[in-house]
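Here is a short walk through one structure.

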Amino acid sequence: MASSFSRLAATLGRRQAALELRWLKAAQVHAPLEEMVSRRVAGEPLQYILETQPFGPLTLKTRAPTLIPRPETEDWTIRLAELLKNTSSKRRRKVLDLGTGSGCIPLLLCELLPQGTLTTFGVDQSLLAVQLARENAELTGFSTDEQRNTFSAFQASFLDPLFPQLHLGLEPPFDVLTSNPPYISWNEYLRLPNSVLNYEDPKALFGGPDGLDFYRAIARLAATRGFLSPDAVVAVEVGDGQAQQVEEIFHSVARVNSVIWLDPWDKQRTVVVWLQPVDASHSRRFISGESGYPQ
Ligand SMILES: C[S@@+](CC[C@H](N)C(=O)[O-])C[C@H]1O[C@@H](n2cnc3c(N)ncnc32)[C@H](O)[C@@H]1O
């Protein structure tokens, strides 16, 4: 029988195979190496086989079909943490993450901001995602200790028109609203690679015919009286070519200012919206480097 290396190399190339074989051998999982290699050769994402993914300084659990946290999400979450650090708040901030998946966004904020300054919540329609997010909260130590930052996950659909009134244990008004919602349009969905299509939850990916359904729902929530604090900030990840349309969606429901952050690959990746109108000269400005509240 071919060696593990040659089986991996036939699919991944020798260089990548050597790297991945090292990671598979070091993996802290209860599966024989040959079984892991077969799963990898069949196209399963490495992170589901290793059962972990680094996200900033955190190492989070990953489990199919909950979305594997992506580097572009890590990048803007770190930038958002810097922005929040640079703007003082007299009270403990409340953060709500919509479509929380593994809980990666609020958990990284919990890690990067001073302890005892954040209470974060995440909602997801998927019970499997909520369970994973709760495990990640335990793993990272951000579950219940009020001396530290905390994260709680709840199962709910934020497309539900009654979502703001559901008594889930969420505590509006929120000071920060984050989301990496499903944003793949129908046409793009059909072109996704099998490694995504066969393993990751379609409900984590498909954002309606034009990919923008979830942004409309988030903008409506942002405009719902009492849901956000008056000076709240909203940060949403967007797909290729969606940034301006997403800005328009927010501008159409509320009087807001917004900027677009580029990701490390120079793609317009995050729309950041401030509810309280600020200096108009900062409105719609592109920021690719350091972030900060418009003064
Ligand atoms: C693109 S994934 C992002 C997951 C995670 N935030 C991340 O960045 O890795 C979108 C998430 O939204 C969830 N989702 C989809 N529709 C939803 C809905 N109507 N209400 C709540 N969550 C939803 C999916 O289950 C999925 O976990």
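Buried means under 20% relative accessible area, exposed means over 50%, and partly exposed lies in between (1.4 Å probe, protein chains only). By that rule E44 is buried, because its relative accessible area is 11%. This is a predicted model: local features need pLDDT of at least 70, side-chain atom pairs count only at pLDDT 80 or more, and totals for chains, interfaces and linings use all residues. Residues are numbered from 1 along each chain as its sequence is written, and side-chain values use heavy atoms, with hydrogens and water left out.

E44 sits in the loop between α3 (33-41) and α4 (46-50). Helices here are DSSP runs of H or I with at least four residues, numbered from the N terminus. The side chain of E44 makes a polar contact of 2.8 Å with that of R39. Such a contact is a pair of N or O atoms within 3.5 Å; within protein, one must be able to donate a hydrogen and the other to accept it, and residues adjacent in sequence count only if both atoms are side-chain atoms.

Now the ligand. Around it are 19 residues, with G99, D124, Q125, S157 and N180 coming nearest. A residue counts as near if one of its heavy atoms lies within 4 Å. The shell holds ten nonpolar, seven polar and two charged residues. Asp, Glu, Lys and Arg count as charged; Ala, Val, Leu, Ile, Met, Phe, Trp, Tyr, Cys and Pro as nonpolar; the others, Gly among them, as polar.

A polar backbone atom of G99 is 2.9 Å from a ligand nitrogen. For T100, a polar backbone atom is 3.4 Å from a nitrogen atom of the ligand. Q125 places a polar side-chain atom 2.7 Å from a ligand oxygen.

Technical notes
Helix = DSSP H or I, 4+ residues; strand = E, 2+ residues; numbered from the N terminus.
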